[in-house]
Amino acid sequence: MPYLRKDGVLCADDIPLNAIAEQVGTPCYVYSWSDVAARYQELERVLRSVSSRIRYSVKANSNLEILRRMVEIGAGFDIVSGGELERLIRAGADPSDVVFSGVGKSHQEISFALKSGIGCFNVESVTETRRIAEIAQRLEVTAPVAIRVNPDIDVDTHPYIATGMRENKFGMPEKDAFQLAVAIAQDMPSLAFMGLACHIGSQVTELGPYRDSLDAMLELRSRLLQAGVTCASIDIGGGFGIRYRDEEPFSFAEFGELISKRSLQGVELDVEPGRSLVGSAGVLLTSVEYLKPATVVGYLDFCIVDAAMNDLIRPALYEAFHDVEKVMSTEGEARDWHIVGPICETGDFLASARSLALQEGDLLAIRDVGAYGFVMSSNYNTRLRPAEVIVEGDTWMVARRRESMTDLLNLEEV
C-alpha cells in the first residue's frame with residue numbers, strides 16, 4: 001500500500017504528506033512511483049505466457065516524469081493526440097513503440113506521427129483510413145494501421161466512459177472492419193495492415209466483456225486469415241477498473257488467466273492500461289479554508305477547501321466517489337461534511353456527506369486521483385493549476401511546479 005499512517009500521519013511511501021504540503025503548498029497532486037512500478041511489473045508477470053506488449057495509456061496521467069519513468073521500465077504507449085506524442089518524444093520514448101488511437105486525428109497530427117515514425121495508427125473510420133493513406137503517399141512512407149472494432153458489448157460503467165457499444169462514436173462494426181482490412185491489404189499500397197484493436201470502456205470491473213471482445217476479435221482475425229489477410233496483432237485496449245469505494249474489480253492475475261486460456265499463437269496481444277497502473281498511486285492534498293456548519297435544520301454542513309472542480313473534475317463530471325482522509329489524526333466531533341471548492345458553481349464539489357472531525361487549516365488527502373486528475377484540470381475562474389510531486393521510497397521531487405499568473409496570462413494580448 002503506497003499510503004499508510006505512521007505515528008498518526010498519512011504518508012506517501014516513507015514521506016509524511018504534511019511535509020510535502022509545507023514545502024509545496026496546496027492544492028498539490030502526489031504520486032507514489034513505487035506503487036506504479038509494482039503494478040506494471042505485476043501485469044507484466046501475468047502476461048508472460050503469451051507474446052504481448054503493455055502500452056501505457058498516456059491520457060490517464062501524462063506528466064513528463066511519469067512518462068520518462070514508464071520508458072525506463074520498458075513500457076510502450078497508447079496516445080490519442082499529437083500533443084501526447086510530443087510529450088512522449090520529450091520523455092525519451094521511441095515513436096515506433098507508440099499506438100495512435102482516437103476518432104478525430106487531424107492532417108497535422110497524422111503528418112507529425114508519420115514523420116516521427118509512429119508504430120501504428122488505430123483507425124476508426126473508412127474516411128480516416130483514406131486520409132492516412134493519402135498523407136503517407138504524399139510523404140512517400142508506408143503507414144502502419146490497425147482497425148478499431150466496435151463489438152457492441154455493454155459494460156457496467158458510467159455512460160460517458162463506455163466506448164464499445166453501437167451508440168458510441170468509437171471504432172466500426174465487425175462487418176465494416178473486415179471489408180476495410182481486405183481493402184487495405186489489396187488496394188492501399190501506402191498502408192500496412194497490422195491487426196485489430198478494441199477498447200470497450202473505462203473503469204470496467206468485470207472480466208466478461210474482455211472475454212467477449214477478445215473472442216470476437218479472434219473470430220474476425222480467423223476470417224481475415226482465411227481471406228488471405230495477415231493479422232499479426234490484437235489490441236484488447238485497457239479500461240481495467242480500480243477500487244474507489246465498494247467496487248470489486250478483477251485482478252491482473254485473473255486477467256492473465258483469461259488470456260492464457262485463449263489460442264494466441266502467431267499473434268501479439270497489446271494491452272493498454274492507464275487507470276489500473278496510476279489511479280491508486282495518487283492523492284490530491286487540499287487545505288480546509290472555512291467550515292460552514294448548518295445552524296438551521298435541513299441545511300448542509302459545508303467544508304470549503306482550496307482545491308476545486310478545476311483541479312479534480314471527476315466528482316462534478318461523473319459524480320465519482322473519492323475517499324477523503326485527514327492527513328493528521330486528531331480528535332473532535334465528526335459531522336457529515338460536504339467538501340466543496342471556491343468556484344462559483346453549485347457543481348463544484350469534491351465529496352458529499354463525509355463523516356470527519358474537521359478544523360479550519362486541516363490538511364486533507366483525496367484518494368485515488370492518479371488517473372484523470374491533473375490531466376483533466378483547467379484554469380476555470382482564472383485559477384492556477386496545482387503542482388505535481390512524485391515520491392519514491394524516502395525521496396520526492398516536484399515533477400511539475402505550480403503555475404504562476406505569468407504562466408497563465410502570457411498567451412493573451414491586450
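This is a predicted model: local features need pLDDT of at least 70, side-chain atom pairs count only at pLDDT 80 or more; totals for chains, interfaces and linings use all residues.
Two packed helices are described by the angle between their axes and the distance between the axes. The pair to begin with is helix α4, which covers residues 82-90, and helix α5, which covers residues 107-116. Their axes lie 9 Å apart and meet at an angle of about 30°. An angle under 35 degrees counts as roughly parallel, and α4 and α5 are therefore roughly parallel to each other. The crossing in which α4 passes α5 is left-handed. On the α4 side, the contact is made by G82, L85, E86 and I89, and on the α5 side by E109, F112, A113 and S116. Sorted by class, the residues of this contact are four nonpolar, two polar and two charged.

Helix α5 also packs against helix α6, which runs over residues 126-139. Here the angle is about 50° and the axes are 10 Å apart. That angle makes α5 oblique to α6. The crossing of α5 and α6 is right-handed. From α5, the residues that make the contact are H107, I110, S111, L114 and K115. From α6, they are R131, I132, I135, A136, R138 and L139. The contact of α5 with α6 has six nonpolar residues, two polar ones and three charged ones.

The next topic is the nonpolar cores. In soluble globular proteins, nonpolar side chains tend to be buried together. In this model the largest nonpolar core has 96 residues. Within this core, the residues with the most contacts are Y56, M70, F77, F121 and I147. With its neighbours within four places in sequence left aside, F77 is in contact with R55, Y56, V58, L67, M70, V71, L88, A93, D97, V98 and V99. There is also a second, separate core, which has 19 residues, among them L17, C28, V283 and V327.

The last stop is D35, a residue of helix α2, which spans residues 33-46. The relative accessible area of D35 is 12%. Buried means under 20%, so D35 is buried. Apart from its neighbours within four places in sequence, D35 is in contact with P2, S280 and A281.

Terms used
Residues are numbered from 1 along each chain as its sequence is written. Side-chain values use heavy atoms; hydrogens and water are left out. Axes are lines fitted to C-alpha atoms, for helices over the stretch in contact, and angles run from 0 to 180 degrees between N-to-C directions. Helices (H or I, at least four residues) and strands (E, at least two) are DSSP runs, numbered from the N terminus. Angles under 35 degrees count as roughly parallel, over 145 as roughly antiparallel, 65 to 115 as roughly perpendicular and the rest as oblique. A crossing is left-handed if the near helix is turned anticlockwise from the far one by less than a right angle, and right-handed if clockwise. Contact means heavy atoms within 4.5 Å. Ala, Val, Leu, Ile, Met, Phe, Trp, Tyr, Cys and Pro count as nonpolar, Asp, Glu, Lys and Arg as charged, and the others, Gly among them, as polar. A nonpolar core is a set of buried Ala, Val, Leu, Ile, Met, Phe, Trp, Tyr and Cys residues joined through side-chain atoms within 4.5 Å. Buried means under 20% relative accessible area, exposed over 50%, partly exposed in between (1.4 Å probe, protein chains only).
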